[in-house]
Structure formats: C-alpha cells, structure tokens
Amino acid sequence: MNYRFCKKILKKNLDSSHPETYWDDIYTHDLSSIPNYVSSFAKFTIEFLSSNKHHFQNSFDSLLEIACGNCRDFGFLSSYFKHSLAVDISIPDDILENHSFITSSGKPAILKKSNIFSLPNKNYTSANVIYSRWFLHTMNWEKMVSFFNLIFNLINLNTFCFFEFRSIRDELYKKGIKVENDKHGYYTDHYRRFTDPIDFMDLLNTAFPNIKTLFFEELDNVSIIKDSNPTVIRCVLKKSD
C-alpha cells in the first residue's frame, strides 16, 4: 500500500479510534479465524474472585462484560453470576440473535450491540464486576481516559474491574505504521495502542486515587494465538472510599 495513501486512511479511521470497522469485517467474513475457546483471563477472573470472595461481598451478583466480541468468555463468565450483560458494537448477529447463555440464577444472560459510551448509566451502576479483555488497546490514550472517567465515576464502591491489554513489551510493538500524535499507537492490519505500565499506574494514582490496584502484572504465555505470544498487562481494580 502507498505510504502517503495509508497515512490518509490512518488519519480518517484511527485518530478517532473506530476499530469496529475491522472487527465487523472479521465477524462477517472470517469468524473462524477468531478463537472460540474460553480465555485464560476469564478463568483467572473467576479464580481470583473465588479465592478471595470472603473479602468481596456480592462479587458474583452482577457482571458487565465490555467488548465481548464473539462471546468466547461471556458464556463461561455469565454462568457464575446472577445477572450478566455483555456489550460490543460488533457482536456477530447470529450470536446476538441465537445465543443461549444462562446465568447462575437460571435467567438468560443479556447481549447488547452498542457503543460503550451510549450505554444507560444503570448498566454500569448495577454491576459488581466489570470485565474487559483486549479492549483498552483498541482506543487511543485520550479515549481510554474518557472511558475511565465514565466508568469510575458511575460504578459503585467495591465494584471490581478486570482488564487485560497489550504492553509496550509486546512483540508487535513498533511494528507497522506509527499513528500520528499517538505515543504508542501503531497500525498493522488494524489499530493497536500499546501501554507503558508506568504511565498506566501514574494515571490511576494521579487521576483516580479512589481506584485501588489489587493485582497488576505484565505476562507472557497467557494469550497465545497460533504462533503469536502477546505480552499483556493484567490488572484488577477496585473502587474504594
């Protein structure tokens, strides 16, 4: 692709962070290329909550999964919660219309095709656990901060947030085309913003002092996809007084 032409595409599509165009195409034409087994992060989430549940009152009451994709984790996670909602702007229509995910209370889990910034506030305020895997690195830094401002202001005290996202030590970092005015943003077949863990912790400590970090690690060998071994950051956050 001509580099000058590609820069125009980046400026149009990536500076405003619209990854849904890429994922809409994948889910429409190449869904088989996406893993459909439960991720290790989803298993980690349940193990973390289960092993510490005497500290986490009501932790299995209500789940909100943000950017659920093909729902590879949602069916597994929702079975542990009394109420479960998953949201993605690019949920495949056949999954949206034909899913049979059931919560621990025996009620159907709920899927919504929506932009996260358009969700009713009650979807955030009613959640005890917010789960989001491989979503934060689809947004530029400024949009991520806006997302945090939204959820951290809306969620109740003692709500837990589980996030997994790509680190600057990831094998794809600095591969592809650098996105203008985006410190760690690169474009290969789609946009990714890689996170410096020091910058991330500085943001939490300065902008969100009531958000406590319960777990924070950079890890390899936990999200292997075919011949790719991403380096990810896993963190568990809790809103406190």
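**Notes on the fold, its cores and its aromatic rings**

1. Let's start with Trp-134, which counts as buried because its relative accessibility is 17%; buried means under 20% relative accessible area, exposed over 50%, and partly exposed in between, with a 1.4 Å probe and protein chains only. Trp-134 sits in the loop between E4 and H7. Its phi is positive, about 60°, although Trp-134 is not a glycine. As background, most residues other than glycine have a negative phi. For a charge to sit over a ring, NZ of Lys or CZ of Arg must be within 6 Å of the ring centre and within 35 degrees of the ring normal. Lys-178 does likewise with Tyr-186, lying over its face at 5.7 Å from the ring centre.

2. A word on what you're looking at. This is a predicted model, in which local features need pLDDT of at least 70 and side-chain atom pairs count only at pLDDT 80 or more, while totals for chains, interfaces and linings use all residues. Residues are numbered from 1 along each chain as its sequence is written, and side-chain values use heavy atoms, with hydrogens and water left out.

3. Now the overview. The protein has eight helices and 10 strands; these are DSSP runs numbered from the N terminus, with helices (H or I) of at least four residues and strands (E) of at least two. Of the 241 residues, 51% are buried. The accessible surface is about 11,800 Å², and carbon and sulfur atoms hold 51% of that; the areas come from the Shrake-Rupley method with a 1.4 Å probe, and for residues only the protein chains shown count as cover. Among contacts with a separation of 6 or more, 64% are between residues 24 or more positions apart, where contact means heavy atoms within 4.5 Å.

4. Which residues have the most contacts inside the largest nonpolar core? They are Leu-136, Phe-147, Phe-148, Phe-152 and Phe-163, in a core of 33 residues. A nonpolar core is a set of buried Ala, Val, Leu, Ile, Met, Phe, Trp, Tyr and Cys residues joined through side-chain atoms within 4.5 Å. Strand E1 (62-66), strand E2 (83-88), H7, E5, helix H8 (197-207) and E10 each give two or more residues to this core. H7 provides the largest share, seven residues. A second, separate core has 25 residues, including Phe-41, Leu-63, Cys-71 and Ile-91.

5. Phe-147 deserves a click. Setting aside neighbours within four places in sequence, Phe-147 touches Ile-66, Ile-116, Phe-117, Phe-135, Leu-136, Met-139 and Phe-163. It also belongs to one aromatic cluster with Phe-135, Phe-148, Phe-152, Phe-163, Phe-165, Phe-200, Phe-208 and Phe-216.

6. On to helix H3 (residues 40-51). Its 12 residues reach 16 Å from first C-alpha to last, close to the 16 Å expected at 1.5 Å a residue; the expected span is 1.5 Å times one less than the number of residues. Phe-41, Ala-42, Phe-44, Thr-45, Ile-46, Phe-48 and Leu-49 are the buried residues of H3. Their cover includes helix H4 (74-78), strand E4 (129-133), strand E5 (160-166), strand E9 (211-219) and strand E10 (232-239).

7. The ring count comes to 23 aromatic pairs. Rings of Phe, Tyr and Trp (its six-membered ring) pair if their centres lie within 6.5 Å; planes under 30 degrees apart count as stacked, over 60 as edge-to-face and the rest as tilted. Phe-41 and Tyr-131 are stacked, 5.1 Å centre to centre with 25° between the planes. That pair links helix H3 to strand E4, 90 residues apart, and both Phe-41 and Tyr-131 are buried. Phe-147 and Phe-163 are edge-to-face because their planes lie at 75°, with the ring centres 6.4 Å apart. Here the link runs from helix H7 (residues 141-154) to strand E5, 16 residues apart.

8. Asn-221, in the loop between E9 and E10, has a positive phi near 65° and is exposed, with a relative accessible area of 56%. Ile-89 is partly exposed at 33%, and its C-alpha is 4.6 Å from that of Ser-114, 25 residues apart along the chain.
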